[in-house]
Amino acid sequence: MLEFRRILSSKKVFVPVVLNILIISIFSVIYFSNTAYAVKIDGKEIGVVKNKEELYTAIQEIENSIKDELGTETKISQAITSEKIFKLAAEITPMDVIKSRLQENLEVKVEAYSLNVDGEDLVYLKDRESAEEILNRIKSQYLQDKNNKEISFVEKVEILRRDVEAAKIKDLESAYQYIVEGSSKPEKYVIKEGDTTWDITKKHNITLDEIKQANPGINLDSLQIGQELNLVAPKPFINVKVVETIAYEKDIAYDTKYQETENLYLGERKIQTKGKEGKKKVVEQVVKVNNILTDRNVIKEEIVQQPQ
């Protein structure tokens, strides 16, 4: 009888313990099976994931994609956090949606080089070589004859190292076109048979200087049928200044001496001595901006032959 009571007593203790363990186990399973992570970018929630490793993999894939495209290192400037929360399976955000939101909200910065004009970043390129090539291309149309020329930019132009969002980087050709077209887009005109520069200026109500400015490097005296001309001079963001020293000969006028005689009517004069023009060598400094003359100064004159 005592033994039976002892067993009964032990069962009374055992059953609650087992029940407690079972309840704890059930709640543990429920808790861990519904544990998730709220993904935030700079404190803004973009979704909920079940597995943090999948989140980190998605971020790495985005960085690697940009790195492969631009060939440069990437850097994420924002704070990405994953906060443990309790969510039902139905409340988990699909991974493809998480990836899409990461791409929309992440500011992945990359090493880039800016063409900085008068203190402002104009365009961003993936490397210094691309920036240098653009500047060389801008100058090249004025380099047909390098003799006695100084070629520079009107603006202060620098190539500077920057960390910028990948989306802001332009490819070389797009950056070049953006700079040279500037704030106005040229209107094209195709040369037809019989066209002359004079006819074109009159027909389109523009000046010869404007055509020259819109078409640097084109010989307007030898236009070809089918050749394209720009009719609106672009206002480029970077302008080229050419200082050129030129030398030429110039005639020096002679003094004409007249003699009045009694054999002539009143007011009539007869040339006493027929003069001869002299010659002088002139050295000038000529300044052009985008192939348009802006200034000229005589720096030296030398008489080669005196007038007689």
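Axes here are lines fitted to C-alpha atoms, for helices over the stretch in contact, and the angle between two of them runs from 0 to 180 degrees between their N-to-C directions. This tour uses that idea at two stops. The model is predicted.

**Stop 1: the whole chain**

Show the protein chain as a cartoon. There are seven helices and 15 strands to find in it. Next, colour by burial: of the 308 residues, 30% are buried. Contacts can also be sorted by how far apart the partners are in sequence. Of those between residues at least 6 apart, 71% join residues at least 24 apart.

**Stop 2: helices α2 and α3**

Select residues 52-70 for α2 and 95-105 for α3. Two packed helices are described by the angle between their axes and the distance between the axes. For α2 and α3, the axes come within 10 Å and cross at roughly 45°. An angle under 35 degrees would count as roughly parallel, and one from 65 to 115 as roughly perpendicular. The two helices α2 and α3 are therefore oblique to each other. Their crossing is right-handed.

Now show side chains where the two helices meet. On the α2 side, pick Glu-54, Leu-55, Ala-58, Ile-59, Glu-61 and Ile-62. Facing them from α3 are Met-95, Ile-98, Lys-99, Leu-102 and Gln-103. Sorted by class, this contact holds seven nonpolar, one polar and three charged residues.

**Stop 3: the largest nonpolar core**

In soluble globular proteins, nonpolar side chains tend to be buried together. The largest nonpolar core in this model has 22 residues. Select Val-49, Leu-55, Ile-66, Leu-102 and Ile-169, which have the most contacts inside that core. Which elements each supply at least two residues of this core? They are β1 (35-41), β2 (44-49), α2, α3 and β5 (108-117). The largest share, six residues, comes from α2.

Keep Leu-102 selected and show what surrounds it. Apart from neighbours within four places in sequence, Leu-102 is in contact with Ile-41, Ile-46, Leu-55, Ala-58, Ile-59 and Ile-62.

**Stop 4: Leu-70**

Go back to helix α2 and select Leu-70, which belongs to it. Is Leu-70 buried or exposed? Its relative accessibility is 15%, so Leu-70 counts as buried, the limit for buried being under 20%. Not counting residues up to four places away in sequence, Leu-70 touches Val-110, Lys-126, Ala-166 and Ile-169. Draw a distance from Leu-70 to Ala-166: these residues are 96 apart along the chain, and their C-alpha atoms are separated by 8.4 Å.

**Stop 5: helices α4 and α5**

Select residues 128-140 for α4 and 172-181 for α5. At what angle do their axes cross? The angle is roughly 40°, and the axes come within 10 Å. The helices α4 and α5 are therefore oblique to each other. The crossing of α4 and α5 is right-handed.

Show the side chains between them. From α4 come Ser-130, Glu-133, Ile-134, Arg-137 and Ile-138. From α5 come Leu-172, Glu-173, Ala-175, Tyr-176, Ile-179 and Val-180. By class, seven residues in this contact are nonpolar, one is polar and three are charged.

**Stop 6: two residues with positive phi**

Most residues other than glycine have a negative phi. Select Asp-42, in the loop between β1 and β2. Asp-42 is not a glycine, yet its phi is positive, about 50°. With a relative accessible area of 52%, Asp-42 is exposed.

Then select Asn-290, in the loop between β14 (278-289) and β15 (292-305). Asn-290 also has a positive phi, near 55°, without being a glycine. Asn-290 counts as buried, at 6% relative accessibility.

**Stop 7: Glu-228**

End at strand β10, residues 228-230, where Glu-228 is found. Glu-228 counts as partly exposed, with 45% relative accessibility. Leaving aside neighbours within four places in sequence, Glu-228 is in contact with Lys-188, Tyr-189, Val-190, Asn-215 and Ile-218.

Definitions and conventions: Residues numbered from 1 in each chain as written. Predicted model: local features only at pLDDT ≥ 70, side-chain atom pairs only at ≥ 80, totals over all residues. Heavy atoms only, no water. Core = buried A, V, L, I, M, F, W, Y, C linked by side-chain atoms within 4.5 Å. Buried < 20%, exposed > 50% of the residue type's maximum accessible area, 1.4 Å probe, protein only. Helix = DSSP H or I, 4+ residues; strand = E, 2+ residues; numbered from the N terminus. Contact = heavy atoms within 4.5 Å. Parallel < 35°, antiparallel > 145°, perpendicular 65-115°, else oblique. Left-handed = near helix turned anticlockwise from the far one by under 90°. Nonpolar A, V, L, I, M, F, W, Y, C, P; charged D, E, K, R; others polar.
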